[in-house]
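Dear colleague,

I am passing this structure on to you, and I would be glad if you could look through it alongside the notes below.

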Amino acid sequence: MENELIKPQGLVKNANRRQFLRVGTMTVAGAGLLLIGCNDDKDIMPEGMVSLGSGDTGILNYAYALEQLEAAFYAEVLRGSYFTNASAEEKTIMGDLEKHERAHREFFKAALGTSAIGPLEFNFTAIDFNSRTSVLGAAKTFEDLGVAAYNGAGQHLESADLLLIAGKIVSVEARHAAAIRDLINPGTADFAGNDIIDANGLERTLNFTQVLTAASAFVRTKIDFSKLPS
Amino acid sequence: MCPDTNSAEDKDRFYSRRDAFRQFGDFGKKIALAAVPLSVLSSIPHIAKADTASLIGVLNFALTLEHLEYRYYEMALTSNVIASADRVIFQKIRDHELAHVKFLQEVIGNVLKGTPVAEPKFDFTAKGNFQPFSDYPTFLALAQAFEDTGVRAYKGQAANVKESDVVLTAALSIHSVEARHASMVRRLRTKKGLDTVKGWITNASIGTLPAATTPIYAGEENIMQGGVNVVNLTSLDAGAVSEAWDEPLNANQVLGIASLFLAS
């Protein structure tokens, strides 16, 4: 069932999918490997609520939701006065992070095709985008959360190709997290602190519920993740 | 208590793809794997049997790299090559690498009932080409090279340990720690004016690292993900897109890199 969702032959039979492939030819050449079949979950959702779906599609939507959150956050950072007045180094870092998260978000959207959840609405009122402390604190939260989320989700992916792609992204999130932590506490061991790495040298993993609960403080849209693997 | 991997039944359960080893994520357990109670094993449905030998092989490959990293930092801390203000950073990294060595030895030996590889003899001068324990910039350069290699090496093995949720999750949890190390060392080198690299890898750039490190970054310029050209998709510059995805290396590529530092 879950595997079926990512079989290319399943996509060919699907009219919407075929249309997507045609429309997307310019940018999504040969993406058949990753594109994922439609499901009808969205049709039965209460208004304003999104369902991530099940199987690998659901996990990709989960990643897409987190990347939407991060991308929206950094876009907001670039509009605030913290960024305007930031050091050259911090401007470079924030600018890079905005680009990376936007790239991740757009990639997941393209990979999911018609199975992608819509754009989420966010609530960043708790963050003061004019304050370095507030922005870096939030960035740390989001980056550490992203790493723990990917590390926790990896075992649920059926597709080895998707696992590799998740692996390619999670290490970049970890690079971000370490840099942000070093901006907050420069030159210390906090870049890989004991709060997130245990005595075995293993980084924290978080499950779907833990991650989405933590993220929910910043997300207005209700997310149904009940069909994700467990 | 460890699962009894001499028992075919327990072994099947241990390796099952959809098993219930979620308590592996229990943060702070001293030896997480060893702490999985047998009662949990009995609640796991039989599914697939993975290849124990193959898992052991992958973990021994990882253990070899962890030995290299641990020994490198331990020798550097002993030699006093590291600027005093930066010792706290490399003590932390050294501690993680030692923890990884011990963890992998535990999993290979006591859980999978295999034989952990012995620590190889290393030559961190690569036959006299580098002096990392007397020249701090050289130490930092090789540290970056080892950490970025480690990230790529673990990534390249993820699919090979996929049959065991426990081992996969452990490998991912080490992988992100190596990436944190890599980011820190890269930025430290730039802060000291030794390079202009960022915490993330831009294209396949080796920056000011020695030419021998070229294979460590080969392929990092990739902008195609899952058949999607992300530059065309986003109109972002290729450098930024290459930074946003780290690329894997296979075991042979990694061993080729590591072999420069093995004593013959």
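How many salt bridges does the count come to over all chains? In this model, which is predicted, the count comes to 25 salt bridges over all chains. One of them joins the side chains of Arg79(A) and Glu76(A), with N and O 3.0 Å apart. These two residues are about one helical turn from each other, because they lie three residues apart in helix α4 of chain A.

Between chain A and chain B the count is 10 salt bridges. Among the pairs that form a salt bridge are Arg175(A) and Asp246(B), whose closest N and O atoms are 2.8 Å apart. Residue pairs in polar contact between chain A and chain B, both residues being at pLDDT 80 or more, number 28.

On the side of chain A that touches chain B, at least two residues each are supplied by α6 (88-112), α7 (132-153) and α8 (160-184) of chain A. The largest share of that side comes from α8(A), which contributes 19 residues. By residue class, the side of chain A that touches chain B divides into 33 nonpolar, 20 polar and 16 charged residues. Taking both partners together, the contact draws 69 residues from chain A and 68 residues from chain B, and the area buried between chain A and chain B is about 5500 Å², of which 59% is given by carbon and sulfur atoms.

Rolling a probe the size of a water molecule over the atoms shows where empty space is left. The count comes to nine cavities of 30 Å³ or more, and the largest cavity has a volume of about 110 Å³. Of the 13 residues that line the largest cavity, Ile59(A), Ala63(A), Tyr150(A), Leu157(A) and Ala166(A) are the closest to its centre.

Which elements of chain A give two or more residues to the lining of the largest cavity? They are α4 (55-79), α7 and α8, and α4(A) gives the most to this lining, with five residues. The lining of the largest cavity consists of 13 nonpolar residues, with no polar and no charged ones. Helix α4 of chain A, which holds Arg79(A) and Glu76(A), is thus also the element that gives the most to the lining of the largest cavity.

With best regards

Terms used
Residues are numbered from 1 along each chain as its sequence is written. Chains are lettered from A and ligands numbered from 1 in the order in which they are written. This is a predicted model: local features need pLDDT of at least 70, side-chain atom pairs count only at pLDDT 80 or more; totals for chains, interfaces and linings use all residues. Side-chain values use heavy atoms; hydrogens and water are left out. Contact means heavy atoms within 4.5 Å. Buried area is the accessible area (1.4 Å probe) that two parts lose on being put together, summed over both. A salt bridge is a side-chain nitrogen of Lys or Arg within 4 Å of a carboxyl oxygen of Asp or Glu. A polar contact is a pair of N or O atoms within 3.5 Å; within protein, one must be able to donate a hydrogen and the other to accept it, and residues adjacent in sequence count only if both atoms are side-chain atoms. Helices (H or I, at least four residues) and strands (E, at least two) are DSSP runs, numbered from the N terminus. Ala, Val, Leu, Ile, Met, Phe, Trp, Tyr, Cys and Pro count as nonpolar, Asp, Glu, Lys and Arg as charged, and the others, Gly among them, as polar. On a 1 Å grid over the protein atoms alone, a cavity is a set of points where a 1.4 Å probe fits but cannot get out, and a pocket is an open set with protein on both sides within 12 Å along at least five of seven lines; lining residues have an atom within 4 Å of a point. Grid points are joined across faces, edges and corners, and a volume is the space filled by probe spheres set on the points.
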